[in-house]
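Visitor: I would like to learn how to read a few features in a structure of this kind. Could you take me through them?

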Amino acid sequence: MSIFHFRIACALALAAATAGCVVASADAPLQQLEVHTILGHREVVGVGCVLSNSAGRWFVVAPGRVTVERARDPLTIDCAREGVGRAREQAASHNASLFDTDKLIGNVVITAGMDGYINRQAGEGVAYPSTLTILMRAAGGRPGDPDAAPAPGNVVF
């Protein structure tokens, strides 16, 4: 092996190690979520939803997208539309990088595997489901109540 090939191999190894480090350190605490509300097998439009966790509160009109700050505790979703219905659900956070090789390599190189303990409360390395489907209760009734007025929107099968 020539010195030229050795230098190229070293440069590629360094680039691969650095790429893993950059991915691990750029683990932003923000996540974009898509929120949908369902009532009586139909998607309901124009529903106001408040999402909250220990990091803050965010508002979105469903169906819609919102960027939230991740945390290890569950995300509470409160939705309501006057005359249509309301809902309250929680979405648990899960380990987002369990099988992400770049993050695993960067984690080991930078923190000697201690990243999971260091950032445990910061919301790094966890994520909520990217699509939240919220099942609403009809105003004055139970979910799926046949006497409730049909919700405007698209039929969901």
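**Reading the disulfide and a strand residue**

Guide: A disulfide, counted where two cysteine sulfur atoms lie within 2.5 Å, joins Cys49 to Cys79 with an S to S distance of 2.1 Å. The model is a predicted one, in which local features need pLDDT of at least 70 and side-chain atom pairs count only at pLDDT 80 or more, while totals for chains, interfaces and linings use all residues. Residues are numbered from 1 along each chain as its sequence is written, and side-chain values use heavy atoms, with hydrogens and water left out.

Visitor: Which parts of the chain does the pair link?

Guide: In general, a disulfide is a covalent bond between the sulfur atoms of two cysteines. Here the pair links distant parts of the chain, with Cys49 in strand S3 (residues 47–53) and Cys79 in strand S6 (residues 75–81), 30 residues apart; strands are DSSP runs of E with at least two residues, numbered from the N terminus.

Visitor: What is the handedness of the disulfide of Cys49 and Cys79?

Guide: The torsion about the S-S bond of Cys49 and Cys79 is about 115°, so this disulfide is right-handed.

Visitor: Is Cys49 buried or exposed?

Guide: Buried means under 20% relative accessible area, exposed over 50%, and partly exposed in between, using a 1.4 Å probe and protein chains only. Cys49 is buried at 0%, and Cys79 is buried at 3%, whereas Asn95 is partly exposed at 44%.

Visitor: Which residues does Asn95 touch, leaving aside those up to four places away in sequence?

Guide: Contact means heavy atoms within 4.5 Å. Asn95, which sits in strand S8 (residues 94–95), touches Gly125 and Val126, and the C-alpha atoms of Asn95 and Val126 are separated by 4.5 Å although these residues are 31 residues apart along the chain.

Methods. Helix = DSSP H or I, 4+ residues; strand = E, 2+ residues; numbered from the N terminus.
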